[in-house]
Amino acid sequence: MRILKGIIMLSLAVCLLIAVSCIIKSGNEKTPPSEQIIDEPKEPGTEQEPSTSATSPTPAVSSPEHGALSPTPAVSSPEQAALSPAPEIEIEPVDYSEIKPNESGDIPIIMFHNFIEDLDLTTDVEFTTSFDAFENLLETLYNKGYRLISMRDFIDHNISVPAGMKPMVFTFDDGSSGQFNLIEENGKLVVNPKSAVGIMIKFSQKHPDFGLRGIFYLNMDKEEKTFEGAGALKERLEILTSYGFEVGNHSWGHFNFSESKNRDQIYERLGRNQKRLQEIIKDGSFYSLALPHGGKAPEELKDAMEQGEFEGTRYFHETIMAVGSTPSVPSIHKDYNPGYVARIRSQGKEEIKFDLTYWLPNMTRDRMYISDGDPRTVVVPKGKESLIDPEKLNGKKLITY
Ligand SMILES: [Zn+2]
């Protein structure tokens, strides 16, 4: 009798799952990916130096509407606690046929440059976003199921976004003050609410599960022009990283590496940038490089982009980030090339081909990375296991369903 009851219950559950999966499937079929366009990305290497008007510091708000954004120790956030790789981690088992995880799918890595209040004040149409547009974008991404992960976790494939959610990485180039700057409030340095980081902090208070993550690629020769505003550069970097944000190498002097003449020149551009960081933050390290102008070094000098040494300072870049124009495969994918990782540019005043506005409707469920909610396992639909490089699993269990 008990067995019969069990069979009936099981049959009911299966029927329900089939019904749900049919609904999801029919939703996907409405927006078939245009393979031809997706497979033909715009040639990277067209990044222009953003106009100076766009990089001018945002006036500090004397009495911000939303109050001071004082840094909270990164360890206190619930999300951070969930990230710690404790072996006794308790994760609710999920029904794969319902969630349909695909951890071989694409992960979008978004590239931002400048942020200002009023887009009418800049002539730049490609690389500047308004604060309002950025706030709306966060809402859109959140509602579409994207959750932010760090570059570190992207590289390590330590992806702990909830089951059914899609990981995303935010990257910021050039250290502009619209991305992040400090203001003084009651004698204390706080994050300007009118900056991308200020907006992200406020957003994460409303939606803590969105994630407060991002990597900022810096040109250390800019010195105090980096995140221009109140406080010294050291204080700015300390406060930025106290929130869990990361910093990356964008070269000394925003160098176009396609013009590299020899290995020593590359060592100097990358090593000097790292050396200057360590003079300011003792244990600071750039472990990822974003190519200025998207310019790659000639093939015979490529190894110097990854690692080298300058005046006793060593550097090692675990990822080298391109400019534009597709989502990236995850780091466990057999096609993953850490020497050239694709990014998608955020939209500026005008839509540019293959920017985020193009990709949002084209990043359909069937091609994207859908998490199973457990960072210890890699779950893919049957038939997709051949896309995963077993050598990159690093002890994680590969599951097919
Ligand atoms: Zn740049």
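# Reading a predicted fold, feature by feature

A: Let's start with the parts list: the protein's secondary structure comes to twelve helices and 16 strands. Keep in mind that this is a predicted model.

Q: How many residues does the protein have, and what share of them is buried?
A: There are 401 residues in the protein, and 42% of them are buried. As for sequence separation, among contacts with a separation of 6 or more, 73% link residues 24 or more positions apart.

Q: How do I read the nonpolar core, and which residues have the most contacts inside the largest one?
A: The general idea is that nonpolar side chains in soluble globular proteins tend to be buried together. Here the largest nonpolar core has 72 residues, and those with the most contacts inside it are I110, V169, A196, F216, L240 and L291. Another core, of five residues, lies apart from it, with I332, V378, V379 and I388 among them.

Q: Take I110. What is in contact with it beyond its neighbours within four places in sequence?
A: That list reads M168, V169, F170, T171, R343, I344, S346 and L356. β1 and β5 run parallel and are joined by four bridges, with M111 standing opposite T171 in β5. β1 also pairs with β14 (residues 341-345) in the parallel sense, over two bridges, and there the bridge partner of I110 is I344.

Q: When I look at a strand, I check where its side chains point. Which residues of β1 point which way?
A: I109 and M111 point one way, I110 and F112 the other way, and all are buried.

Q: Now the helices. Which residues of α8 are buried, and what covers them?
A: In α8 (residues 196-206) the buried ones are A196, V197, G198, I199 and M200. Their cover includes β1 (109-112), β2 (114-116), α6 (131-143), β5 (166-173), β7 (188-191) and α9 (233-242).

Q: How do I describe two packed helices, say α6 and α8?
A: Two packed helices are described by the angle between their axes and the distance between the axes. For α6 and α8, the axes come within 10 Å and cross at roughly 35°. The crossing is right-handed. F131, F134, E135 and L138 of α6 make the contact with A196, I199, M200 and F203 of α8.

Q: How should I read a positive phi in general, and which residues other than glycine show one?
A: Most residues other than glycine have a negative phi. Here D174, not a glycine, has a positive phi of about 85°, and H254 has one near 50°. D174 is in the loop between β5 and β6, while H254 is in the loop between β9 and α10. D174 is buried, with 25 other C-beta atoms within 10 Å; H254 is partly exposed, with 16.

Q: What about a hairpin turn: where is the positive phi between β6 and β7?
A: Look at N186, in the turn, with a positive phi of about 50°. The hairpin that β6 and β7 form has two residues between the strands. Their pairing is antiparallel, over four bridges, and L182 stands opposite V191 in β7.

Terms used. Residues numbered from 1 in each chain as written. Predicted model: local features only at pLDDT ≥ 70, side-chain atom pairs only at ≥ 80, totals over all residues. Core = buried A, V, L, I, M, F, W, Y, C linked by C-beta atoms within 7 Å. Buried ≥ 20, exposed ≤ 12 C-beta atoms within 10 Å, placed from the backbone. Contact = placed C-beta atoms within 7 Å. Pairing = 2+ DSSP bridges. Axes fitted to C-alpha atoms, helices over the stretch in contact; angles between N-to-C directions. Left-handed = near helix turned anticlockwise from the far one by under 90°.
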